[in-house]
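User: I would like to go through this model with you. Could we begin with the packing and then turn to the cavities?

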Amino acid sequence: MKTLNVGILAHVDAGKTSLTERLLHAVGLIDEIGSVDDGTTRTDSMALERQRGITIRSAVVSFVVDDVTVNLIDTPGHPDFIAEVERVLGLLDGAVLVVSAVEGVQAQTRVLMRTLQRLRLPTLIFVNKIDRGGADPDRVLRDIAARLSPAVVSTGAVHAPGTAAARCVPYPDTDPDFARRLRDLLTAHDDALLTEYVEDERRLTGRRLRTALAAQSRQALVHPVFGGSAITGAGVAPLIAGLTELLPVRGQQVDAPAAGMVFKLERGRSGEKVAYVRMFGGTVRLRDRLPVGPSRIATVTGIEIFDRGRTVRADAVTAGRIALLRGLGDVRIGDPVGASPAGPTGDRHFAPPSLETVVVPARAAEQGALHAALSQLAEEDPLINVRQDPNRREISVSLYGEVQKEVIQALLADGYGLAVDFRETTTVCVERLVGNGAAVEVIGVSPNPFLATVGLRVAPGPTGSGVGFRLGVELGSMPPAFFTAVEETVRETLRQGPHGWQVVDCVVTMTHAGYWARQSHSHGTFDKSMSSTAGDFRNLTPLVLMAALTRAGSRVEEPMHRFRLEVPDDVLGVVLPVLSRLDAVPRATASHGSSYVVEGYVPAGRVHAVERRLPALTRGEAIFETAFDHHRPVRGEPPTRVRWDHDPTDRKEYLAAVAR
C-alpha cells in the first residue's frame, strides 16, 4: 500500500488539533469528536496537554484514504515547543498549514511557512474557523498571499462566513474565474503550459489545469488554499480529497536496504526506551540486528505500527510507515536505524534555544534525583541541554520561552514527584572568532604530559556555516581512531569558548599530528605508558584548541529577534519610548487604518519584558510577533558563562581534573 506522511502545523490556537479530530471523524476512525478545551482529543494524550489545552509533544495517527495509508502527525503550535516541530519536518512528504480565518497570518505561521518553503515541502493551507464571529476568509487569503507566498490559489468559495451556517463550496472546473486564476498562477511556473495557452487557450481545459495544479503542488511550487471549520466539519471533505490528490504519495521501497530515523522517544512500562521511527527504505523485521546511531548494533525485540487510529503489533515495518521499535538500547533522537536516510532528515531548521535557567529542587537532598529526571526529559527533548556545574552542583537547562519553564515544572511534579523552582531566565550568547590563531603541543616535549602531538589552527567562517574540521596532515599519518578522537573533542570543546559560550561558524584545521606506536618491554605485554591511546588525544586537544582560540580572539554576541508590533494609533507615542527603554530598535513604522505597525529588532532576553508591558499600554489590543533573526555583539563588558566541565583555560586545574 502507498503511504503519505503529513504534518499538521499552525500558530497556537489556530485549531490544528481540532482539525485532526475532525479528520479522524470524517474518515470513520472515531464516533465522537474530542474537544481541546475538555481535554478529550486523541492526539493530546499527555495529562499536561489535556490540562492546558495545548500540544506539547508530536503525536501520530494513521488512517486510509483511497488505498493510501496516511500518517497524520499533529505538532505543537506554541513557539516554546518549536524543537518538537523541527524533529518532525524531515519525516514528512507534505504538510497542512492551518491559519485562523479570524486572526489570519500570525508570527508562528510565518516562521513555519518560511521553513516549509526552504525545505521545498509540499504544503496545503487550510483557513480554519470560518464559522467564528469576525471571520474574514477573503482578507486572510490576501494576507496569505502578501505575507506567506504569492503562489497560492483558493480552491473554493466561502459562503456566510462568521456564522454557524458558514460553508466552503469547491469551485467547479467550469468556473471561468477559477480557471483564469489557475491559468495565471500555473503558467508562471510551467513554460510548456504557457506555450499551450499561447498556441490555443482552449487546450487549457478545467481538467488540464487541475492536473497541472496537482503536479505543481507536489513540487511545492504552488499552495492550494482550502477553507472550512474543524468544529462544524465544513470544508473538511475537500481537504481530505486534496491530501492524496495534491501531495506526493510514496510507493514502498521494500527492496532497498532498511533505513529509518528516530524522531521521538518514550519510556515503556518497565522503563525501557521505545523509539518512534520513520522508515525511508527497506523493511525491518522482528529479531533483525541493525546498526543504530553511529556505532552500535541492536536487536529489534518489538514492533508496533500505526494502523487506522491505533497501534498494533507487527512482525515487520516497511518503507514509508511509522513504527514503535523496542530493543534499540541507548538510542537517541536523530539516530539512524539501519542505513542513514538520504536527505535533510536531521538538519536544523530553526534557531536553537536563546534562553537558559537554573533549576532548583525544593529539597536540597533531591538534587541527584532532579538531575536524573531532567536527563530523562532531555532524551525526549535534547535541546533543553541539561548541564550540571560540578563545583556549584547547579543544574541548568536551555529554553525557548517562559511557557516551556512551566511545562518542565509540571512534568517534574507529575512524573517524578519533584517540586522545583527556577532562577531568573538569562540569555544564551555565542562566541564568534575575530581573527586566526594556532597552537601546537609535541609528544615528549614539556609541558605536554600526554603521548600525543596535536597542532590546531582556527579561523572564522561565514555566518551560518557551522563548525568545519579539516586535516592539514596526511590521513595515513595516524590511526583513524586518533583523528576521530581529535575531531570529536574539538566539537565538544567548542561548546564553551574562552568566555564560556559556544563558538560558532569557524574552521578548525589539524596542522600537526604524531603518536607513539603500540610498544611493550622486551618479552613483555603492552605498556600504556609507552604507547599512545585515543585518550591521550582527547585529553590534549582541549588545551591546544583553547590556546588557539585565545590567540585568535573572540567576541560575545547576543541573540536578536525581529519583531512586528501592531498597536492602536492613539497609543503609539506611549509605546515607542517603552520599546526604547527595553532596548528594542524600531526600523520601520507604518500607518494601517486606525493602527500603526512597528517593525524592528529586540534582544531575545527582553522579549518577555516587552510582552508583559504591552497589554497595559495598549488596552490589550497590541499584536506582538517575534522570531529569532541574528546575533549581534554584546555592548559593554561581555558576559562570562560559568564552566560546567574541566576548564582548559586554566592548565593547572585542567590537568588536575584529568588526573582525578
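**Helix, sheet and cavities**

Analyst: Helix 12 (residues 480-493) lies across strand 27, strand 28 and strand 30, and runs at about 155° to strand 28. Contact means heavy atoms within 4.5 Å; axes are lines fitted to C-alpha atoms, for helices over the stretch in contact, and angles run from 0 to 180 degrees between N-to-C directions. Helices (H or I, at least four residues) and strands (E, at least two) are DSSP runs numbered from the N terminus. The model is predicted: local features need pLDDT of at least 70, side-chain atom pairs count only at pLDDT 80 or more, and totals for chains, interfaces and linings use all residues. Residues are numbered from 1 along each chain as its sequence is written, and side-chain values use heavy atoms, with hydrogens and water left out.

User: In what order do the four strands of the open sheet come?

Analyst: The order is 26-27-30-28, with mixed pairing; two strands pair if DSSP finds at least two bridges between them. Strand 26 (437-441) and strand 28 (467-471) are the edge strands, each pairing on one side only.

User: Over how many bridges do strand 27 and strand 30 pair?

Analyst: Strand 27 (residues 453-460) and strand 30 (residues 506-514) pair over eight bridges in the antiparallel sense. Proline 460 has cysteine 506 in strand 30 as its bridge partner.

User: Changing topic, at what angle do helix 1 and helix 9 pack?

Analyst: Helix 1 (residues 16-26) and helix 9 (residues 236-246) pack at about 85°, with axes 10 Å apart. Helix 1 is therefore roughly perpendicular to helix 9, a term for angles of 65 to 115 degrees.

User: Which residues meet there?

Analyst: Leu19, Arg22, Leu23 and Ala26 in helix 1 meet Val236, Leu239 and Ile240 in helix 9. By class, this contact has six nonpolar residues, no polar and one charged. Ala, Val, Leu, Ile, Met, Phe, Trp, Tyr, Cys and Pro count as nonpolar, Asp, Glu, Lys and Arg as charged, and the others, Gly among them, as polar.

User: And how many cavities of 30 Å³ or more are there?

Analyst: There are two cavities of 30 Å³ or more. On a 1 Å grid over the protein atoms alone, a cavity is a set of points where a 1.4 Å probe fits but cannot get out, and lining residues have an atom within 4 Å of a point. Grid points are joined across faces, edges and corners, and a volume is the space filled by probe spheres set on the points. The largest cavity has a volume of about 80 Å³.

User: Which helix gives the most to the lining of the largest cavity?

Analyst: Helix 11 (residues 402-416) does, with four residues.

Methods. Parallel < 35°, antiparallel > 145°, perpendicular 65-115°, else oblique. 1 Å grid on protein atoms, 1.4 Å probe; cavity = no way out; pocket = protein on both sides within 12 Å on 5 of 7 lines; lining within 4 Å.
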